Amino acid sequence: EDLIVTARRRDERLLDAPVAITAIGGDTLDRYQATRVSDIATLVPSLIAGKAASGSSASIFLRGVGSTALSAGFDQSVSFVIDGLPMSRGREISLPQFDIERVEVLRGPQALFFGKNTTGGLISLTSRNPTDTFEAGLRAGYGFEARERYTEAFVSGPLSDAIRARIAGRYSDSDGAFTNM
């Protein structure tokens, strides 16, 4: 099955796109439980992502090019695009991502299609679209170290002959990995 990417702001097969790109499908993300950008970094060669020392922003490097922000107002060298909406501050790294159709990681400057804040590259996340038939799903989990509990659910399908809809939600709660003595 061909993976369709939008690296040049149009749909094309991954093999036909003349861009240095790594694309990961939603099934692979689900299989490896990749819910944060730091989890996605384990699946993409030359991508390093984590929180900055200040904790208020991100430290993202792609092919050794990137930036570490000391302020949340600092534009990252490796930018994010979530469903076509550019987000270049880096706070998105701490947000859990779910119900994702694909992730595209574009290496090198991407200013032509994505603007000035993409000198190191771009991480593009695309959410799943509504489906033609009814679908529903539920996933729950528990993390022993931090006593984290999470639940994710979605419902998708047609509302009429011309209208389709998808709704997804995630709930998470954690006691934390450390105990204050």
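Is Asp 30 buried, exposed or partly exposed? In this predicted model, Asp 30 comes out as partly exposed, with a relative accessibility of 28%. Its side chain meets that of Arg 128 in a salt bridge, with 3.3 Å from N to O. That pairing links distant parts of the chain, since Asp 30 sits in helix H1 and Arg 128 in the loop between S10 and S11, 98 residues apart.

Arg 128 has another partner in Asp 27, and here the closest N and O atoms are 3.8 Å apart. Asp 27 belongs to helix H1 (residues 26-31), while Arg 128 is in the loop between strand S10 (121-127) and strand S11 (135-143), so this pair ties together parts that lie 101 residues apart in sequence. As for accessibility, Asp 27 is exposed, at 58% relative accessible area, whereas Arg 128 is partly exposed, at 24%.

The model's salt bridges come to 14 in total. One of them pairs Arg 102 with Glu 101, the closest N and O atoms being 3.1 Å apart. In that pair Arg 102 counts as buried, at 8% relative accessibility, and Glu 101 as partly exposed, at 31%. As a general point, side chains of opposite charge can pair when their charged atoms come close.

Turning to the nonpolar side of things, the largest nonpolar core holds 21 residues. The members that touch the most others are Leu 29, Ile 40, Leu 47, Ile 60, Val 103, Ile 123 and Leu 125. At least two residues of this core come from each of helix H2 (37-40), strand S4 (47-51), strand S5 (58-62), strand S7 (78-82), strand S9 (100-107) and S10.

Ile 60 makes a handy example. Once its neighbours within four places in sequence are set aside, Ile 60 is in contact with Leu 47, Ile 48 and Ala 49, with Val 65, Gly 66 and Ser 67, and with Gln 76, Val 78, Phe 80, Ile 93 and Ile 123. Apart from this core there is a second, separate one of nine residues, with Val 5, Ala 23, Val 81 and Phe 114 among them.

Terms used:
Residues numbered from 1 in each chain as written. Predicted model: local features only at pLDDT ≥ 70, side-chain atom pairs only at ≥ 80, totals over all residues. Heavy atoms only, no water. Salt bridge = Lys/Arg side-chain N within 4 Å of Asp/Glu carboxyl O. Helix = DSSP H or I, 4+ residues; strand = E, 2+ residues; numbered from the N terminus. Buried < 20%, exposed > 50% of the residue type's maximum accessible area, 1.4 Å probe, protein only. Core = buried A, V, L, I, M, F, W, Y, C linked by side-chain atoms within 4.5 Å. Contact = heavy atoms within 4.5 Å.
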